[in-house]
Every structure is written in C-alpha cells, then in structure tokens.
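Here is a short tour for anyone who likes to check the contacts as they read. Have the viewer open and follow along.

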Amino acid sequence: MKFNKSSNRSLALILLCYLIFATYILSPAIIYGQSSSLVDRTVELKAVAGLKYDKVRFMVSPGSTVRITLENVDEMMHNMLIVKPETRVSVVKAAETMGERGVEHDFIPKSSNVLESTPLLGPGGQASILFKVPDKETVYPYVCTYPAHGMVMYGAIYATRSPDDLPPLDEDPNIPEQVRNQMAASMSLHPYPRDMPTLTRLFMPESSPAAIAVGMEKEQSYNWDAGYSFLRYVWDGGYIDVANQWDGKAHEVAKIKGDIYYRNTTGFPFRVSHQDSVPQHEFQGYRMIDGYPRFKYDMGDITVSELILPAQTTPGFRIEYVLENVDQPIWYALSDNDEIRVEVSKGTIEGDMVKLTPDQAQEFTISIISEE
Amino acid sequence: MKRTVLVIITLGWFFVTLAGCQQEATTAESTAYSVETIETPEGLSVETGGLDFLPDGRLVACFRRGEVMVYNEDTKQWDLFAYGLQDPLGITAVSNHEMLVMQRAELTRITDTDKDGKADLYKTITDDFGMSGNYHEFAYGPEIDKHGNYYIAMNTASALAGVYDIIRGQFSPAGRKGRMYSAVPYRGWVLKITPDGKTIPWASGLRSPNGLEMDDEGNLFVPDNQGDWLGTSKLYHIERDNFYGHAPSLVWEEGFEDIEPLELPVPVLNKMRTKAAVQFPHGFFVNSPTQPLIDRTGGKFGPFSGQMFIGEMNHKRIVRVMLEEVQGRFQGAAVSFIDSTGLSIGNNRLAFSPEGDLWVGQNDHGWSGEQGIQRITWNGIVPMEVLNMSLTKKGFELAFTKPVNSEAAENPSNFIFERYYYEYHQAYGSDRYGIETINVTDAEVARDNKTVKLTLEKLDPGFIYGLRINGLSSQQGDTLSHNRLFYTLNYLKK
C-alpha cells in the first residue's frame, strides 16, 4: 500500500463531503418530501482534485426531476455525463476515440447511451443539468469522459424507493474502487482497507488475553488463543467490532460480529502416545500463507502446523494439520457442539477422539460444518 | 461551504503557528533546534509504540492498533510492513527486512522472508510471562546487549481494573493486592532472554518501566513513573537481582513464596531496595518519563553527545540526563532539553536518524498525551546550556557549552539551591520533605570561562539538589536556555 499527501487530502475532502451528503441529502424527508415544484430537488456535485467527484453516489426518486449542478474546483478539465445503466465503460471508450476533436464536442460522444451531459468545464467552471428520472428503479452512472478520467472518475445515481437497501459504501460495486478502499480504510480504523482474510491480536471474549482474532473469507472468523495454543471458537456473519477496546485504555474486549457456531470444549486437543496424556505445548508464532496465519507450536519433540481455512460450504471451516517428528500414536479430542458435522481426512473416530497412527498424523484435515 | 471550512482550518492553524513563533522568539531555545511534524497516513491512529531506523535509513514505527509502518522521508511515503500486532510498545530493526517487536503478549521476530516489503513470518522469541487481561499490563523493550541477549520490562496491573477469568500464567492472590499489582509472573520485572530463548527474571520492584536503554558499557537504564511506592518519577540503573522498590512484584522473587510483600515493614523494603540514579521532581518538571535514549550521533545533534534524553508524556518536554559514577554507583542531574519550540506532549518514543535528527513518537493511549510523530533537528547553533553538572567534594561543578559571562558566574547569589526528598511509602506519590535553601558560599570560574565550581554550605546524601541559575549568559550575551537543574545526591564524593 502506498500513501502520500495528496490522497490524504482527497480522502479528507471526500469524507467531509460524504458527511455533508449523509446529513442533508440522504435524509428521506428531503429526498421525498417535495414533489409539487418542477424540480423535485437539487444535487450539488463538485469535480475535485485526484480525479474524483466529491460525491460518489446519491439517491433520487424514480419519476422525479432533479437538478444537478457541477462545479469544477480542480485544476484540470472535467465534464459530467449521466449514462444508461451498465454503459459507463462503453461511453468512456467512445469519448476516447474522439481524439483531438473531442474538446470542441466537450468529449460527449454521439450515443443514445448518454442521457444528460454538462459541457467541459475549466477550473472554476460551473454548469447545471436537469435529469428527468425514469420510473424504473435502477442505477445510472455519472462519469467524466475527458480522456483518461473515465475509468476512475465516476459515481452512481440510485433511482430507488428503498433508500435503506443500498450496499455499504465500502462494498458498492458502482463506485470507484479507490474510493471504496478509502472508505473501507476509514471505517476499519486502520490506514488500509480491511479486506479478508485479516488478523488482529487483541483482547477477545472467552479467551486468554493473548487472543488472535482472524477474519476469513465467506464471513467466517475465529479466535485462536496464543496463550494456550488452540482454537477457541468460530463464528459466522462478520468479524469484530474493536471500537470499545481501541477508544480508550483497552478496558473492554472486542465484540464478535455474528454468531458463534463452534466452541472448543476440550482445551488443547492433542494427546500423544496415550489417550489421556496432554503434552506440554509452546506457541512458536505463525507464517502468513495468502493472508491466513499458519500457526506453529511445539508439543514435546513434535512440531505442529495448523492452518484454518473457510470450508466450501459455510458456516464451516477446516483445519489443516501438519505434524513433524511424530513416532507415537496421536489422539485428537473433538469438541462437543450441537448441530455440527465433523469430517476427518485420516484416522478413526473412537468416541469423542480421533485416533491417528504416527503416519496418518503427519498430515490430516478436520472439517467442521454447521448444520443449523 | 467546504472550501470555507478548509480555509478556516488553515487560517486557524496559521494563527496558532504564528503565536507559537512569537512566543519562541523570546527564548534562545528555538534557534538551536527546530521541530517539524511528520505527516502520517489517513486512517492511522498515531499512538506511537516504537520507533527505529532501518539500515537503509528509512524510519520504522509501530502503533497501538497493531501496524508496523515504514516511512521514506525522501518520498514522504508510508508503507505497511506488518499488521495485527497486540499493542506493540517497542520496535528494533534487525535489518531492512526484519524487526523485533514487543507486543503485549510476546516478543516477536517479524520477517519479510520473500522481500516483498510485507512481513510474512512472525516468530515468538518469548511469551514466558503472565497476562491477567488487565489493560495496564504493558510490555516494553527490547533492548539488546552485545551478546545478543534481549531485555524487556513488564508493567504492573492497575487496581482500576480487574483480571480476566482466563489468564495466561500462574495467579498469585498476594500479588493481586495493592494499587498497582503483580497477579501474574513477572509483572514489575525486567526480564532477560538469552539468544536461544531462555527467559531469566532479572530485576524486580518496577511499576511502569516504559522504556529501556543500555549504554556502550552494558549498563541498563529504565525509568519508572510516580505513583504508589514512587514518591516521584525515576531513572534506575538496572542490575541483576536488584529490587527497586515497588513491592507487589516481590511475589515472584525466589524464596518469597510464603511472604506477602505488602505486609513487609516499609523500613525493610527500604533497606532492600536499590535507589534511583536520578529522580525527576514531579509535576513542575516531569509527570511521566518515557524512553531513555543516549545521543550516539557524534555531534550531529549538537553538543550533548554521550548524554541521555528521556521523553515526557504530560509536558511539551524532552529531558536531558547527565550521569556520573560516584562511589561506583550512577547518579546525576536532569534538565529540560526542549520544552517549547513546537514540541507536542505525549513524547513516548525517541530514535536518532542516521543524519542525527531526533525523532519523537507521541502517544496518548487513553491518557493525556497527543498523537503524532515529530522530528527535532539541530540547526548547527550551540545553545547556551549547562553541558554537565557533576558532584565535587564541596559542592558541584557546572560545565557550560560556551564561555560564561564571568562577572555573573562569580556571584554565588546567582546560584540558588533548594534541597528536598520524596518519601518512600506505599501511598501514591509524595510531598516534598526537608525543603531547605542551601547557600552557595563560593563560585569559582575556570580560566577558560567554561566551568564554574560551586561550594555549598551543606552537602548531604539522600536529597535532590534543585538548582536555579539566575542572570547568567554567555560572553556573547546568549542567555542560559534552561536554568533549572535537579541533581540526585545518593552518595558523596570520597
């Protein structure tokens, strides 16, 4: 990830505008409250530094008439075209083929996909357009078609009657990826987007204070307790809410977002040589494998590698074990969870234990699928 | 509307800056050193836990929410090296691709094995200490000696919060008692970890040892924070098996299995403890000392080469420490190094760049403090300062950075000493006791006009000798930048 001053400033601008936008424009009373006048509402857009519009999306009511004003506060030339759903890329490409005669046509290609457009604006320039929103609920892209701008400088007009159904800003496919990432970064409390998989060491509920919270793909997350070298629990539906812990002095543990469907009920799961002999174990760290931690710990002379991944069907996960230096039988204690299906790649299940020969124990997988 | 807001912010900042400049213009401090704030990435909570420089000259810093980031000053670019760490409060660069990081839970070697700029291997060096879940159980370090041993320090827990149901390590009910407590091993200790990973409890009796520094002879120094058992904040010279005074950590001392440390008579504990090399008078001078750092810039940072700087959380201040050995033990004086010139509060971490600039990482961490990173640069101008304060048989010798105006320096009444001590007891902090003005009976200026020998009417161990110097300037007329010094007199010169 790279960071520099200009993107910081741009992000600040975007956040500021988003705040204004969220406060005044997202308010349903303002959006839907006025229908008697010719123009139902006015939306103010700005072209800002960093190839961006200050708003990356806004909502309109299907069938309404909206005035959109554009002010160019950047130092470059910009325009703004509203185009038919899913046609942004083709309109941008058509504009690029206009070449040197593009300027005299404001880089507006002759295309039925273009619904409305402003002229090309120099620094400080302003324009306004009326957009008669069709009755259908859909998403209309708006875009700057000045050469090399259109692939990043765009936004989305949501013609919708269900303002609550918009995707979260950091997951909206209709807004530029750069903005999406920046929004995600500001919401994730880090200077980088919180993409899954991810890992955070912090205080977690039902755990020793040496917890490792891992967020996986498919909304599966788990807490691996480095204080005891075993998986504590797994949940479905999200990652963690860290606000309480990071707001002040870390009095509070992080909150789990979602539902726990698997809990360790046996403690450290391995038994070496005998079914009831729990070995001494010592945490050694982890290696990142495609964003997932592969934990390593010693039990006596045996070194265990443990990689936890989301299962094909979720809620569910699998644990891939690799044991080095095994010359005795290994037992693996299964935890007691309701509505869980357990599959083991090797060994035999004896009661609540999996029995593995030294050979089998070198590499085996435990899969746990929720059947709720 | 947006533009207006930005303009107002900018103007506001400008006025603040302007006001700051006007204020600074009246002090000599601002001309020798300047302070610059480093821009940090959007979205980063700049609670600085550690700073160091890579062999290639880039800065590496770790932050409270677990990021390790590398800053290239030439491109002003921040890159993420590692993430997800637990409240890291110390970082040491081993190479351009490998760092040692002290997390709450462990000391970790973090390596970018495929050299793509991102760490991929997190190897636990030691986690052989307890965690109760109390938020105050910070971990500091590592400091590394020339044999490759690591030294780390364990904060005690706070009675303002409890312990978890599931803890790591053994629980001690006796250690759980007290205002700041040691319910799990080795809270309140310095630990030594050998290169092969063996953890040795090294010294006890610490409360909040927020930073470690070893000098070139292998002497380890650690600060501690005013509170229970600490009448005022201190700097200790840490030696094996010593006990430094904060009682609860004694539960983890060998042979103390059946002893309740808090039941021990204070005179016994007082006899057991090793006194601080330097005490920092509380409130008006220092509230919370942080990382000590020796100036090894060889003069790139001004005239204080070989001396020690210490950060301070609650003042816009960095402290300078002048140590000497008297009767084989360290003691010495403290003075403000910088306390305006645009420095923030919250000065938690220090590191010298290869160019000899002092980088300061700030932190608040839920306390009073500030977030950010600043850089202090020496402008090549020698400030008028007391370069060194040392004990003599009859009083003190002051060495100055520049020749003094001998007329003022020969006048004993320009040197005003006040001595006092802080009580050693379980209670939080201490008043100053035995406050007494000590007269200077003679001030003798050396032939080069750079040193002044002061004779005091009373010189006794067990006191802080606070000195205020009035009306002194250099021969060129530069006024003394910092005129208040505090010498901790534990032992007399023989």
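## Confidence

This is a predicted model. The predictor assigns the complex an ipTM of 0.92 and a pTM of 0.78. Chain B has a mean pLDDT of 93, with 94% of its residues at 70 or more. Residues 1–28 of chain B are another matter: the pLDDT there is below 50, and the stretch has 15 contacts in the model beyond near neighbours in sequence. Where pLDDT is low, the predicted coordinates should not be read in detail.

## Where the chains meet

At the interface, 39 residues of chain A are in contact with 37 residues of chain B. On the chain A side, the elements giving two or more residues are helix 1 (5–25), helix 4 (177–188), strand 10 (198–201) and strand 18 (281–289). That side consists of 21 nonpolar, 13 polar and five charged residues.

## A strand covered on both faces

Which residues of strand 22 (residues 330–333) of chain A are buried on each side? A:Ile330 and A:Tyr332 are buried on one side, and A:Trp331 and A:Ala333 on the other.

Strand 22 of chain A has antiparallel partners in strand 17 (residues 270–272) of chain A, through three bridges, and in strand 25 (residues 353–356) of chain A, through four bridges.

Conventions. Residues are numbered from 1 along each chain as its sequence is written. Chains are lettered from A and ligands numbered from 1 in the order in which they are written. This is a predicted model: local features need pLDDT of at least 70, side-chain atom pairs count only at pLDDT 80 or more; totals for chains, interfaces and linings use all residues. pLDDT is the predictor's confidence in each residue, from 0 to 100. Two residues are in contact if their C-beta atoms, placed from the backbone, lie within 7 Å. Ala, Val, Leu, Ile, Met, Phe, Trp, Tyr, Cys and Pro count as nonpolar, Asp, Glu, Lys and Arg as charged, and the others, Gly among them, as polar. A residue is buried if 20 or more other C-beta atoms lie within 10 Å of its own, exposed if 12 or fewer, and partly exposed in between; C-beta atoms are placed from the backbone. Two strands pair if DSSP finds at least two bridges between them.
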